[in-house]
Amino acid sequence: MSFLDDIRATLTRRDNALSQLLLINVLVFIVLLLIRVTLFLVTAGRIDITSVLEWLAVPSGPFTLLTRPWTLLTYAFVHTDFFHILFNLLNLYWFGSLVREYLGDRKLVSLYILGALAGAALYLLAYNFIPVFAGRPAMLYGASAGVTAIIVGAATLLPDYTFSIILLGPVRIKYIAAVVVIVSIAGIDGGNPGGEIAHLGGALLGFLFVKQLQRGRDLGRPVQAIGDWVGGLLSGPRLRVTHRGGAAAAPAASGARKGTLPQPEQEDLDAILDKISRSGYESLSKDEKQRLFKASQK
């Protein structure tokens, strides 16, 4: 029971969206693995996991999609191959940690979901309007589009941040993101054109998301609003407590619910800048980095 309690606690926490995304992907992979083995044992291979994937993956046909609209979201958590999920989750962890540290949990989830939707949209456009894909029904599944959005988003936000790569040493993440995009373009004429096209949709979304955020526009607000609504349904009604002077505190509470970062006072900002001059940027705490980023958007 303690194992199940740990899973439940991780899924219900609101302060670590990265762990939740990783865990959901792993749990779905394990469930599909068990279903695949069960189908093999019970049907002697006459029915395989494809019959299940058809209800979770995005179909290339628009009329089929109309009967399965939920696949636009569910596909982003579906993997059937071990190395597929391994590389996706490693990249999600590495680059997602950066996005979470600098932008927070809510924007990390928004970037993942919007990247998945953008990837699915570009995949559907390609398979229905580009002649070379005509008559080639396909299914799209995997976290790659959402993960690519996070990779490119992190590289757009922190282009000169470096990762240490075996045999190569320190590499700036803007070059890693560029390689990811180039490899995806090069793979369009390979064995998984739909997946590579979805990567490009996610990459474009990741770039636009951060660029708009730097201009003061949060493209993830609809995702956050829906998430808050669903969270409210799941948590049930809550008692509302009113304190004296609550009206003055209401704007701050409203900002916290929307996931916006408080604008630092000038003295606070000066203290952060002084800390950078003394000890360097990496000495800042997560909260200080987020406040500095918010101040830069003024």
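Strands S3 and S4 pair in the antiparallel sense over four bridges; two strands pair if DSSP finds at least two bridges between them. Helices (H or I, at least four residues) and strands (E, at least two) are DSSP runs, numbered from the N terminus. The model is a predicted one, in which local features need pLDDT of at least 70 and side-chain atom pairs count only at pLDDT 80 or more, while totals for chains, interfaces and linings use all residues. Residues are numbered from 1 along each chain as its sequence is written, and side-chain values use heavy atoms, with hydrogens and water left out.

**The hairpin**

S3 and S4 form a hairpin with three residues between them. Across the pair, serine 164 stands opposite proline 170 in S4. Leucine 167 sits in the loop that joins strand S3 (162–165) to strand S4 (169–172). Its phi is near 75°, a positive value in a residue other than glycine. Most residues other than glycine have a negative phi. Leucine 167 is exposed, with a relative accessible area of 88%. Here buried means under 20% relative accessible area, exposed over 50%, and partly exposed in between (1.4 Å probe, protein chains only).

The 27 residues of H2 should span 39 Å at 1.5 Å a residue, and its end C-alpha atoms are 38 Å apart, which agrees. The expected span of a helix is 1.5 Å times one less than its number of residues. Buried residues in H2 include Ala17, Leu18, Asn25, Phe29 and Thr43. After H2 comes alanine 44, whose phi is positive, near 55°.

Helix H8 (residues 144–157) has 14 residues and reaches 20 Å from its first C-alpha to its last, close to the 20 Å expected. H8 is mostly covered, with 14 of its 14 residues buried.

| Residue | Helix | Relative accessible area |
|---|---|---|
| Asparagine 25 | H2 (residues 17–43) | 0% |
| Glycine 115 | H7 (residues 105–129) | 0% |
| Threonine 148 | H8 | 5% |

What surrounds these residues? Contact means heavy atoms within 4.5 Å. Not counting residues up to four places away in sequence, asparagine 25 touches Ala76, Phe77, His79, Ile85, Leu89, Tyr112 and Ala143. The side chain of asparagine 25 also makes a polar contact with the side chain of tyrosine 112 (3.4 Å). A polar contact is a pair of N or O atoms within 3.5 Å; within protein, one must be able to donate a hydrogen and the other to accept it, and residues adjacent in sequence count only if both atoms are side-chain atoms.

Glycine 115, leaving aside neighbours within four places in sequence, is in contact with Ala145, Gly146, Ala149, Gly202 and Leu205. Glycine 115 and leucine 204 are 89 residues apart in sequence, and their C-alpha atoms are 8.2 Å apart in space. Threonine 148 touches Val180, His199, Gly202 and Ala203, with residues up to four places away in sequence not counted.

**Annotated regions**

An unreviewed UniProt entry gives the annotation "transmembrane region" to residues 21–42, 72–96, 108–126 and 138–158. UniProt positions are given in the numbering used here, feature names are shortened, and annotations may be inferred rather than shown by experiment. Residues 72–96 are 72% helix and 0% strand, and the end C-alpha atoms of this span lie 21 Å apart. Residues 138–158 are 67% helix and 10% strand, with end C-alpha atoms 36 Å apart.

**The chain as a whole**

The chain has 14 helices and four strands. Of its 298 residues, 39% count as buried. Among contacts between residues at least 6 apart in sequence, 68% join residues at least 24 apart.

The chain averages a pLDDT of 85, and 81% of the residues score at least 70. Over residues 239–262 the pLDDT is below 50, and beyond near neighbours in sequence this stretch has 10 contacts in the model. pLDDT is the predictor's confidence in each residue, from 0 to 100.
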